[in-house]
Amino acid sequence: MVGAGISGLSVASALSADANVAVLERETLPGYHATGRSAAISLMCIGPARIRALTLASQDFLAAPHALIDEAPLLSPRGMILMARDDQCETLLARTRDIAAAGIVVPINAEEIALRMPLVRSGYAALGMYEADARDIDIMALQNLHRRKLAGDGASLLCDTEVLSMRRLGGTWQVETSTGWYAAPVVINASGAWAEQVGSLAGARDLGLQPCRRTGLFFNLPPGVDPATLPMMVDAEGEFYVKPENGGMMATPADLTPSPPCDARPEPMDVALGTDRVRAAFDLPGITPVRSWAGLRSFVADGVPVCGFDPQVEGFFWLVGQGGVGIQCSPALAGLAASMIRGEAPEMPGIDPAWFSPSRPGVTDPALREPDIVTTMTDMQKTPKARASPQRPAD
């Protein structure tokens, strides 16, 4: 296993009971990049149908008590509102028609939005779509669950271990790393933004995987406002979202800037843009966020994760391209990957493994992309808006 983000940890723990598993991580701790910089929420309204199917298939695992973490809940109530200004209402209704018909979201008016999120500036929001079942995911607890499972099964988690080369001899991969050599019949590539580099070491197919930078901001809340009572708020056109957490509110301008694999850092222009958009919509103390950061999320052309054996190289398995849904879909993707690696038929009604194959045409053809519901989280094909961001009211 190459990579100890949530995808790598999840599938490693799914395999470790009956396989000899070693997880190789180039950073000093697991989940350092995308996993540790995510909004960590489960949303049924996000992404095309294949992603929504993975989200649904992951719910039982995330909702269940787990003895390894003393039955601490992995999910907690949050709720989410897709919010539209007057000029965005038609767009919101068009984009949510199918999920509204399915009961995933329900319409709410401006008064209901203000009751659920009193920090919205008066007159800003005209219409909302509310997903009551949106849940926060305790990412630390989820990582601890997988790490304890790996430790109990005798698996190895090796940090500060960078893969340098790979070669296949006699049906076995010989993997050279910065800390020594490892051998295995199957290499699972769950290395996130670095996945193409790892794939090239194995001579695997080029997926066209594109890492994209996303900026995070953190704002203080007014005195007396409890973030536990507030929903996540998502702009109808994907220009920003905010999520109350950790005593304040994280936010993003929903930027998706192509980037090489790196330890991403926020750009001042993105911080300023996010601040402008959030302060236009919400009444928050101060002018600037108290903290900012950035992370990388990686996509193939159709925006759907890749989970399957490489068509060119024996024993090389791809688990990449999760974009903004890697955490909420990790149980289903791990179960799917583990079944495929064992040579078993996946027991996931309504999910076809071919949807996620590295050989599917959509991996490299953006014309085969399914329509997204919430492009804020998943759409790297966003085009710039002609109009400017709304004018921020004077403080």
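The following dialogue examines the terms used for this predicted model.

Modeller: Residues are numbered from 1 along each chain as its sequence is written, and side-chain values use heavy atoms, without hydrogens and water. As the model is predicted, local features need pLDDT of at least 70 and side-chain atom pairs pLDDT 80 or more, while totals for chains, interfaces and linings use all residues.

Biologist: What makes the radius of gyration of the chain agree with that of a compact globule?

Modeller: The radius is taken over C-alpha atoms, and the globule rule is 2.2 Å times the number of residues to the power 0.38. For 395 residues the rule gives a value near 21 Å; the chain has 21 Å, and therefore the two agree.

Biologist: What share of the residues is called buried?

Modeller: Buried means under 20% relative accessible area, with a 1.4 Å probe and protein chains only. Of the 395 residues, 55% are buried.

Biologist: Why are E2 and E7 called paired strands?

Modeller: Strands are DSSP runs of E with at least two residues, numbered from the N terminus, and two strands pair if DSSP finds at least two bridges between them. E2 and E7 (residues 135-137) have 2 bridges in the antiparallel sense, so they pair.

Biologist: What makes E2 and E3 edge strands?

Modeller: The open antiparallel sheet has the order E2-E7-E3. E2 (41-42) and E3 (75-77) each pair on one side only. Helix H2 (residues 49-63; helices are DSSP runs of H or I with at least four residues) touches E2, E3 and E7, where contact means heavy atoms within 4.5 Å.

Note on methods
Axes fitted to C-alpha atoms, helices over the stretch in contact; angles between N-to-C directions. Buried < 20%, exposed > 50% of the residue type's maximum accessible area, 1.4 Å probe, protein only.
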